[in-house]
Amino acid sequence: MKNITLRADENLIKDAYAMARSEGKSLNAAFREWLTQYAGRQMQSRETEALFEHLRAGNSGGRRFTRDEMNERR
């Protein structure tokens, strides 16, 4: 694991310590959880964009739709 140094407002740090303590964990553990979620959002964003690109391309997985099916409105 790599150590990093962060700077933040002293009151914010105190509040964060109190919040982490109320959840039964250290501020370090809470930060690692947040960092994991934060980094995961980028991955999720890429996967979502790939899905939309796939859908925009109109890829039906090989299934052919009839004219009626394509024009069907729900």
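Visitor: Does lysine 14 count as buried, partly exposed or exposed, and what is its relative accessibility?

Guide: Lysine 14 counts as partly exposed because its relative accessibility is 49%; buried means under 20% relative accessible area, exposed over 50%, and partly exposed in between (1.4 Å probe, protein chains only). This is a predicted model, in which local features need pLDDT of at least 70 and side-chain atom pairs count only at pLDDT 80 or more, while totals for chains, interfaces and linings use all residues. Residues are numbered from 1 along each chain as its sequence is written, and side-chain values use heavy atoms, with hydrogens and water left out.

Visitor: With which residue does lysine 14 form a salt bridge?

Guide: Side chains of opposite charge can pair when their charged atoms come close. The criterion is a side-chain nitrogen of Lys or Arg within 4 Å of a carboxyl oxygen of Asp or Glu. Here the partner of lysine 14 is glutamate 10, with the closest N and O atoms 3.6 Å apart. Glutamate 10 is exposed, at a relative accessible area of 54%. Helices (H or I, at least four residues) and strands (E, at least two) are DSSP runs, numbered from the N terminus.

Visitor: How many salt bridges does the rule give, and which residues are linked in a network?

Guide: The count comes to three salt bridges, and the network links Glu23, Lys25 and Glu33. Lysine 25 pairs with glutamate 23, where the closest N and O atoms are 3.4 Å apart, and with glutamate 33, where they are 2.8 Å apart. Lysine 25 is partly exposed at a relative accessible area of 26%. Glutamate 23 is partly exposed as well, at 47%, and glutamate 33 is partly exposed at 41%.

Visitor: How many aromatic pairs does the structure hold?

Guide: A pair of aromatic rings is described by the distance of the centres and the angle of the planes. Rings of Phe, Tyr and Trp (its six-membered ring) pair if their centres lie within 6.5 Å; planes under 30 degrees apart count as stacked, over 60 as edge-to-face and the rest as tilted. The structure holds two such pairs. In one of them, the rings of tryptophan 34 and tyrosine 38 have centres 4.9 Å apart and planes at 20 degrees, so this pair is stacked. Phe31, Trp34 and Tyr38 form one aromatic cluster.

Visitor: Where do tryptophan 34 and tyrosine 38 lie along their helix?

Guide: Tryptophan 34 and tyrosine 38 are four residues apart in helix α2 (residues 27-56), and therefore about one helical turn separates them. Tryptophan 34 is partly exposed, with a relative accessible area of 43%, and tyrosine 38 is partly exposed, with a relative accessible area of 43%.

Visitor: What is the volume of the largest pocket, and which residues lie nearest its centre?

Guide: Rolling a probe the size of a water molecule over the atoms shows where empty space is left. On a 1 Å grid over the protein atoms alone, a cavity is a set of points where a 1.4 Å probe fits but cannot get out, and a pocket is an open set with protein on both sides within 12 Å along at least five of seven lines; lining residues have an atom within 4 Å of a point. Grid points are joined across faces, edges and corners, and a volume is the space filled by probe spheres set on the points. The largest pocket has a volume of about 680 Å³. Its lining comprises 24 residues, with Leu6, Leu27, Asn28, Phe31 and Arg32 nearest the centre. The elements giving two or more residues to this lining are α1 (10-22) and α2. Helix α2 supplies the largest share, nine residues.

Visitor: How do the lining residues of the largest pocket divide by type?

Guide: They divide into 15 nonpolar, four polar and five charged. Ala, Val, Leu, Ile, Met, Phe, Trp, Tyr, Cys and Pro count as nonpolar, Asp, Glu, Lys and Arg as charged, and the others, Gly among them, as polar.
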